[in-house]
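Please look over the structure shown below before reading on. The briefing takes up its aromatic rings, one of its strands and its ligand in turn.

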Amino acid sequence: MSEPTSWGGVPVDELVEQFGTPLYVYDGAVIAERFRGLRDRLHSGVEIYYSLKANPNISVCALLHSLGARAEVSSMAELVTTQRAGVPAEQVMFLGPGKSRDELTTCLKDGVTLICESLAELDLIDELADGLGTVARVVLRVNPSFAVKGSGLTMGGKPRQFGIDEAILMEQPGLAGRHRSVRLCGFQSYLGTRFLAEDMIVENTRRILELAERLSAHLGVRLELVDVGGGLGVAYFDGERDLDPELLVDQLNPVFAAFRDRNPDVRMVMEMGRYLVGHSGVYAVQVRYVKESMGERFAVTDGGTNHHMAAVGIGSFVKRNFPIRLLNRQSTAEPVKWNVTGPLCTPSDTIGKAAALPGDLRPGDVIGVERSGAYGPTASPVYFLSHGYPAEVLIHQGRPRLVRARDDVQSMLAAQILHDFR
Ligand SMILES: *Cc1c(COP(=O)(O)O)cnc(C)c1O
């Protein structure tokens with residue numbers, strides 16, 4: 001039982017030689033498999049939106065778009081990424097609790113759907129749309145009254161900066177007619193991320209669809225779209241199990257079908273990031289030194305939490321390891337416990353704590369943190385200690401292509417301004 005020394009069909013030695021380390025490598029075939037595995041099974045009326053937050057690389061976005069995914073963004077740069085990646089404005093939704101006037105105006109001008117997160121934002125959208133002489137079609141993000149279970153990180157059902165409380169909306173019966181230049185057209189709820197239980201996702205979806213029906217009736221909104229969020233998880237840690245798309249969809253499709261029966265013209269939307277890209281990626285680092293301290297082994301590598309904050313085991317009290325393995329060669333040496341650490345001057349720069357890796361680990365070896373395609377470098381403190389952004393490579397049809405150049409000293413210092421204190 002030997003693990004392959006390649007990623008996406010390309011030998012790891014070749015990847016390291018061509019692109020250097022530390023390096024993120026995404027296997028496009030895996031992204032396609034994840035997308036199609038869900039798309040082919042899911043109720044055909046459900047539109048899948050890719051949340052760029054998970055991995056905003058422009059080529060990753062373009063690949064997912066070519067497969068049929070739409071896009072959900074939360075900043076101007078993410079919006080422009082979708083435009084350059086060729087996603088038409090009608091297939092983009094903009095969401096986020098702190099949108100700027102500039103972002104709102106751009107969405108209104110370009111015809112990007114806005115998901116509004118507060119009553120104050122709704123007033124501003126109305127004012128801006130009025131100024132542009134247009135009518136804004138707006139989806140309201142709702143923070144439901146019901147508590148959410150089964151999520152790794154909860155975004156709804158408790159006091160949150162996201163969305164408008166269901167209870168507050170229920171006190172606004174005249175909301176649909178209040179704004180001259182706004183047309184409310186739907187509801188969205190996103191309850192949390194890292195859901196790994198199929199039945200929880202089904203239950204949440206059912207409740208969000210009902211919530212949308214209840215609110216549209218109460219507020220007098222002609223329902224055009226319901227976005228049930230998503231937050232589909234990926235198993236990272238011991239004891240976790242990946243979602244089974246077959247099992248999920250078997251339960252989910254009847255819920256969507258029943259909603260469609262009751263609301264034949266209403267668009268149904270799911271949004272997700274991690275589920276589509278998480279499995280595709282590996283974070284590859286090269287061992288620089290091996291050493292011992294007080295009886296524990298350390299492999300000190302050229303990359304760490306500056307590029308892969310999530311590998312610390314975010315959201316847990318005990319540090320838990322992402323799947324991690326020796327990537328560049330087979331070893332017959334007995335596995336022993338290694339702490340895999342990076343170049344930062346902080347003890348928390350540990351991407352593998354007591355990880356089982358071969359006893360003969362040595363400088364030059366390449367270690368891979370797997371399932372790292374989502375929330376990688378952009379969700380990490382890449383400038384901490386000024387090592388900068390790692391290179392990113394996307395493998396498409398067997399060919400690795402650089403999709404993000406690594407930072408160098410020049411690029412990192414370019415934005416800094418030296419004052420003359422003499
Ligand atoms: C982060 C986020 C997503 C994507 O979450 P995943 O768990 O990566 O699928 C989708 N929608 C909203 C509103 C989010 O904040």
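How many aromatic pairs does a search of the whole structure find? The search finds 5 aromatic pairs, where rings of Phe, Tyr and Trp (its six-membered ring) pair if their centres lie within 6.5 Å, and planes under 30 degrees apart count as stacked, over 60 as edge-to-face and the rest as tilted. This is a predicted model, in which local features need pLDDT of at least 70 and side-chain atom pairs count only at pLDDT 80 or more, while totals for chains, interfaces and linings use all residues. Residues are numbered from 1 along each chain as its sequence is written, and side-chain values use heavy atoms, with hydrogens and water left out.

**Aromatic rings**

- The ring centres of Phe-237 and Phe-322 are 5.7 Å apart and their planes stand at 75 degrees, so this pair is edge-to-face.
- Phe-237 lies in the loop between strand 13 (225–230) and helix 9 (245–262), and Phe-322 in the loop between strand 16 (296–301) and strand 17 (324–326), so the pair ties together parts that are 85 residues apart in sequence; helices (H or I, at least four residues) and strands (E, at least two) are DSSP runs, numbered from the N terminus.
- Phe-237 is buried, with a relative accessible area of 5%, and Phe-322 is buried as well, at 4%; buried means under 20% relative accessible area, exposed over 50% and partly exposed in between (1.4 Å probe, protein chains only).
- One aromatic cluster is formed by Tyr-24, Tyr-26 and Tyr-283.

**Strand 3**

- In strand 3 (residues 23–27), 5 of the 5 residues are buried, so the strand is largely enclosed by the rest of the structure.
- Both faces of strand 3 are covered, with Leu-23, Val-25 and Asp-27 buried on one side and Tyr-24 and Tyr-26 buried on the other.
- Strand 3 runs antiparallel to strand 15 (residues 281–293), to which 4 bridges join it, and Leu-23 stands opposite Ala-284 there; two strands pair if DSSP finds at least two bridges between them.
- Strand 3 runs parallel to strand 21 (residues 391–396), with 5 bridges between them, and the bridge partner of Tyr-26 in strand 21 is Leu-394.

**Ligand**

- A polar side-chain atom of Tyr-375 lies 2.6 Å from an oxygen atom of the ligand, and a backbone N or O atom of Arg-274 lies 2.9 Å from an oxygen atom of the ligand; a polar contact is a pair of N or O atoms within 3.5 Å.
- A polar side-chain atom of Glu-72 lies 3.5 Å from a nitrogen atom of the ligand.

Terms used
A polar contact is a pair of N or O atoms within 3.5 Å; within protein, one must be able to donate a hydrogen and the other to accept it, and residues adjacent in sequence count only if both atoms are side-chain atoms.
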